[in-house]
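Here's a quick walk through one model, from overall build to the packing inside. Have a look at it first.

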Amino acid sequence: MTAWTVEFSAEAENDMDVLDPSQRFQVNKAVRKVSQNPLPQNEGGYGKPLGNKQSKNLTGLLKIKLKKLGIRVVYKLIRTDEVMKIIVVAARADDEVYDIAYKRKDT
């Protein structure tokens, strides 16, 4: 299986710019790994589906958790083109990442 194409939304690019180089390296490494099979876990992939978080409907979005860094990456799949679109790269603190994902989910 070939890796899916990874695209970062403009906002996610900005999120990456705020990280220090070692964090950026770790995030890119995790994204590359997941892009090999970004499908939801229930379809045999690495993705962790979000569903509803704090009364926000995030169905269709998936996350990558980098526990040691305290960072979450939220992405969506564009299955017709096999694109893994990164929409948020943010700290896990107080589930703020889900608020951001909700605002950006249609980008």
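With 107 residues, a compact globule would come out near 13 Å in radius of gyration, and the protein chain has 13 Å, which agrees (that's taken over C-alpha atoms, with the globule rule being 2.2 Å times the number of residues to the power 0.38). Keep in mind that this is a predicted model: local features need pLDDT of at least 70, side-chain atom pairs count only at pLDDT 80 or more, and totals for chains, interfaces and linings use all residues. Residues are numbered from 1 along each chain as its sequence is written, and side-chain values use heavy atoms, leaving out hydrogens and water.

The protein chain has three helices and five strands, running β-α-α-β-β-β-β-α along the sequence. Helices here are DSSP runs of H or I with at least four residues, strands are runs of E with at least two, and both are numbered from the N terminus. Of the 107 residues, 42% are buried (under 20% relative accessible area; exposed is over 50%, partly exposed in between, with a 1.4 Å probe and protein chains only).

Now for α2. Its 15 residues (21-35) should span 21 Å at 1.5 Å a residue, and the end C-alpha atoms are 21 Å apart, which agrees; the expected span is 1.5 Å times one less than the number of residues. Which residues of α2 are buried? They're Gln23, Val27, Ala30, Val31, Val34 and Ser35. Down the axis of α2 these fall within an arc of 135 degrees, so they line one face of the helix (the arc is that of the directions from the helix axis to the C-beta atoms). What they pack against is listed here, with contact meaning heavy atoms within 4.5 Å.

| Partner of the buried α2 residues | Residues |
|---|---|
| β1 | 5-8 |
| α1 | 10-18 |
| β3 | 56-66 |
| β4 | 71-78 |
| β5 | 83-91 |

Val27 shows up again in the largest nonpolar core, which has 19 residues; Ile64, Val73, Tyr75, Met84, Ile86 and Val89 join Val27 as those with the most contacts inside it. α1, α2, β3, β4 and β5 each supply at least two residues of this core. A nonpolar core is a set of buried Ala, Val, Leu, Ile, Met, Phe, Trp, Tyr and Cys residues joined through side-chain atoms within 4.5 Å. Apart from this core lies another, of eleven residues, including Val74 and Ala101.

Finally, Val6 sits in strand β1 and counts as partly exposed, at 31% relative accessibility. Leaving aside residues up to four places away in sequence, Val6 touches Val31, Ser35, Met84 and Ile86.
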